Amino acid sequence: MPNRPTIYYFCHDNPSPTGGNKQIYRHVDILNNNGYSAYVVHNSPGYRMTWFENQTPVTYWEELWSGKIDRQNDHLVIPEDFPILEQALPVRTVIFNQNVFLGFAMHQFKNDLTYNYDSHNIVSVMTVSQNNKDILQFIYPKLNIQRVVNGIDPGLFEHVDLERKNAKIAIVGNKNPLDACFVTQVLQQRAQQGLNQLGRYRFEIIAGKTEQEVKNILA
């Protein structure tokens, strides 16, 4: 369609299954299905995510800056842990913040405020929860921040009645692992004393699983 910008979503070259990367691919598919031109951008030529089925258009970082991107009109969408976020990118930029805590914590105790959402090139921020939006709006009250809703594919993760399920609690083990260990130990210790009903449950870590493996565990 004329005058519509092409939208490029940067995605880390990470072969491990992560929901955040799949959401980037999902956004690009949604945009293309609704009349926009959109691409996932990877660093390594020829790379794409293969742990889930997709036909998502992909391009590459070097190719992007060798003349493919229109710096006046196109948009670049970057994650909250983008490696050069402290630098002003020469294009209209949107930050897709899927984890506000990760984004700021990765800069540790730096005194120089290089993690800059207030750059004139940042036109908007997307985030995936009201909690994340509230935090970002508190930090940057003048910034245009939009919440988007992540979806679940009901064709893959279908409903299963509780009566048919096993007594398991699934944990994404790579998300705040020390906190997860603390909570599970508290629950188990209280169960041993008869203070909760969780003694019959076992905990199962789902980090690093394929989509099909996660589906089988959750079902």
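Which side chain does R202 meet in a salt bridge? R202 pairs with E204, at 3.5 Å from N to O. The model is predicted.

**Salt bridges**

The count comes to five salt bridges. Among them are these:

| Pair | N to O distance |
|---|---|
| E63 and K68 | 3.2 Å |
| E204 and K168 | 3.3 Å |
| R202 and E204 | 3.5 Å |

K168, R202 and E204 form a linked network of salt bridges. E204 sits in strand 9 (residues 202–205) and K168 in strand 8 (residues 168–171). The two lie 36 residues apart, so their pairing links distant parts of the chain.

K168 is partly exposed, at 23%. In the other pair, E63 is partly exposed at 37% relative accessibility. K68 is partly exposed at 30%.

Seven strands build an open sheet with parallel pairing, in the order 3-2-1-4-5-6-7. Strand 3 (58–60) and strand 7 (145–147) are the edges, each pairing on one side only. From one strand to the next, the twist averages 30°.

Strand 1 (residues 6–10) runs parallel to strand 4 (residues 75–79), and three bridges join them. Within this pairing, Y9 stands opposite V77.

**Helices on the sheet**

Helix 1 (residues 19–33) packs on the sheet and touches strands including strand 2 (37–42), strand 5 (92–97) and strand 6 (122–127). Its direction makes about 160° with that of strand 2. Helix 2 (residues 61–68) also packs on the sheet, touching strand 1, strand 2, strand 3 and strand 4. The direction of helix 2 makes about 80° with that of strand 3.

Key
Residues are numbered from 1 along each chain as its sequence is written. This is a predicted model: local features need pLDDT of at least 70, side-chain atom pairs count only at pLDDT 80 or more; totals for chains, interfaces and linings use all residues. Side-chain values use heavy atoms; hydrogens and water are left out. Two strands pair if DSSP finds at least two bridges between them. Helices (H or I, at least four residues) and strands (E, at least two) are DSSP runs, numbered from the N terminus. Axes are lines fitted to C-alpha atoms, for helices over the stretch in contact, and angles run from 0 to 180 degrees between N-to-C directions. Contact means heavy atoms within 4.5 Å. A salt bridge is a side-chain nitrogen of Lys or Arg within 4 Å of a carboxyl oxygen of Asp or Glu. Buried means under 20% relative accessible area, exposed over 50%, partly exposed in between (1.4 Å probe, protein chains only).
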